[in-house]
Amino acid sequence: MQSVVLGIETSCDETAVAVYHAERGLLAHRLHSQIALHAGYGGVVPELASRDHIRKLLPLVDATLTASGIRPGQLSAVAYTAGPGLIGALLVGATMAVGLATAWNIPALPIHHMEAHLLATLLEDDPPAFPFVALLVSGGHTMLVDVQGFGRYEVLGQTLDDAAGEAFDKTAKLLGLPYPGGPELAALAEFGDGARFAFPRPMLRHPGVDFSFSGLKTAVMLRVREAEAAGRLDDAMRADLADGFQQAVVDTLVGKAVRAVKQQGRQRLIIAGGVGANRLLRERLRTAMTEIGGTVHYPRAEFCTDNGAMIAFTGWLHLQAAAARGTLAPPGGTVHARARWNLQEA
Ligand code: KG4
Ligand code: ZN
């Protein structure tokens with residue numbers, strides 16, 4: 001079936017749009033990041049995020065359609081992120097997507113944000129075959145998922161408190177780094193030697209593949225306070241703390257990911273989410289997977305983080321599956337937006 005899907009992503013602080021074509025692949029993708037808007041507040045301010053999506057989304061849809069060379073009359077569906085995410089931000093994308101789909105007389109497809117992250121690697125030239133284990137590590141999520149095929153996902157483990165990216169950002173803030181601090185902390189860690197701190201590797205000794213990062217964050221905070229009180233919190237100390245923290249997070253992520261791969265008897269591991277950009281994590285995962293005769297796959301950097309391409313692509317997969325079942329949705333449809341949404345119900 002020849003089809004073209006417009007994808008819209010507004011679940012957090014990126015407004016993103018893309019056009020995916022069944023035969024020609026990804027035709028265009030555009031993104032507006034709100035990082036500068038939220039930086040002064042040290043984190044995403046939900047109300048500001050919603051308002052900015054309202055301002056940016058329609059011009060971005062226009063620009064993306066123009067870049068793709070596709071007219072609205074050629075589109076088969078509008079796919080949009082329906083959750084999980086910030087409810088106000090989701091509602092902006094969802095209402096605009098359903099409005100456009102109604103006007104264009106095509107279906108609007110609600111997409112699960114994490115399903116789209118899981119499948120983003122398949123947009124690359126040499127995509128990994130199913131089945132695989134996926135490690136999703138972003139500012140909002142940390143989870144390990146067994147992906148048996150399209151629509152067949154088993155969540156193996158997730159974080160019990162902070163997401164890995166959130167732990168990076170909060171620890172970076174403790175060290176006086178600007179928001180979002182993950183990449184800054186990683187850069188600082190290059191100059192440090194954290195071996196002397198022996199920070200905990202949270203949950204690594206526990207069976208299973210759940211994560212917990214709040215204890216580690218507290219351990220770093222205590223060391224920062226100690227150093228501050230002793231007047232020793234200089235640049236060298238900050239770099240050592242950053243390295244100690246990063247080593248502990250990476251050890252934990254690698255340990256649990258490899259455990260999940262072995263437990264499921266898989267050969268392939270895919271990584272998605274912003275923390276997947278971390279150089280140490282990438283090196284350590286490659287080594288660990290090679291040791292067990294497996295491989296690691298990443299989407300290109302811009303599709304590791306939030307983007308419209310993964311939404312358009314996942315929408316196209318759903319459209320194809322619905323056509324095969326003979327259950328194509330009618331034009332327009334109800335607005336779906338859910339702050340929380342279990343992946344297994346997607
Ligand atoms: O997937 P993402 O762009 O946004 C969502 O959270 O949805 O992930 C952003 C997160 C932030 O917490 C950021 O600090 C972290 O990914 N991050 C990193 C690195 N680059 C981005 N964390 C550690 N090392 C990095 N190099
Ligand atoms: Zn995301």
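Between domain 1 and domain 2 of this predicted model, the count of salt bridges is zero. Three residue pairs are in polar contact across the two domains, both residues of each pair being at pLDDT 80 or more. Helix 1 (35-39), helix 4 and helix 11 each supply at least two residues of the side of domain 1 that touches domain 2. Helix 4 gives the most to that side, with five residues.

| Domain | Residues |
|---|---|
| Domain 1 | 4-119 + 304-345 |
| Domain 2 | 129-298 |

Taken over C-alpha atoms, the centres of domain 1 and domain 2 are separated by 28 Å. The contact takes 20 residues from domain 1 and 21 residues from domain 2. About 1,700 Å² is buried between domain 1 and domain 2, and 75% of this area is on carbon and sulfur atoms. On the side of domain 1, Met114, Leu118 and Cys304 lose the most area to domain 2, and together they account for 35% of what that side buries.

The model also holds a metal site. The zinc ion (ligand 2) is coordinated by His113 through NE2, His117 through NE2 and Asp306 through OD, at 2.0 to 2.1 Å. In sequence, the spacing of these donor residues is H-x3-H-x188-D. Histidine 117 lies in helix 4 (residues 113-119), while aspartate 306 lies in the loop between helix 10 (301-304) and helix 11 (309-325). The pair is 189 residues apart and links distant parts of the chain. Histidine 117 and aspartate 306 are both buried.

Key: Residues are numbered from 1 along each chain as its sequence is written. Chains are lettered from A and ligands numbered from 1 in the order in which they are written. This is a predicted model: local features need pLDDT of at least 70, side-chain atom pairs count only at pLDDT 80 or more; totals for chains, interfaces and linings use all residues. Side-chain values use heavy atoms; hydrogens and water are left out. Donors are N, O and S atoms within 2.8 Å of the metal (3.2 Å for Na, K and Ca); water is not among the atoms, so sites may look incomplete. Helices (H or I, at least four residues) and strands (E, at least two) are DSSP runs, numbered from the N terminus. Buried means under 20% relative accessible area, exposed over 50%, partly exposed in between (1.4 Å probe, protein chains only). Domain bounds come from an automatic or database domain assignment. Contact means heavy atoms within 4.5 Å. Buried area is the accessible area (1.4 Å probe) that two parts lose on being put together, summed over both. A salt bridge is a side-chain nitrogen of Lys or Arg within 4 Å of a carboxyl oxygen of Asp or Glu. A polar contact is a pair of N or O atoms within 3.5 Å; within protein, one must be able to donate a hydrogen and the other to accept it, and residues adjacent in sequence count only if both atoms are side-chain atoms.
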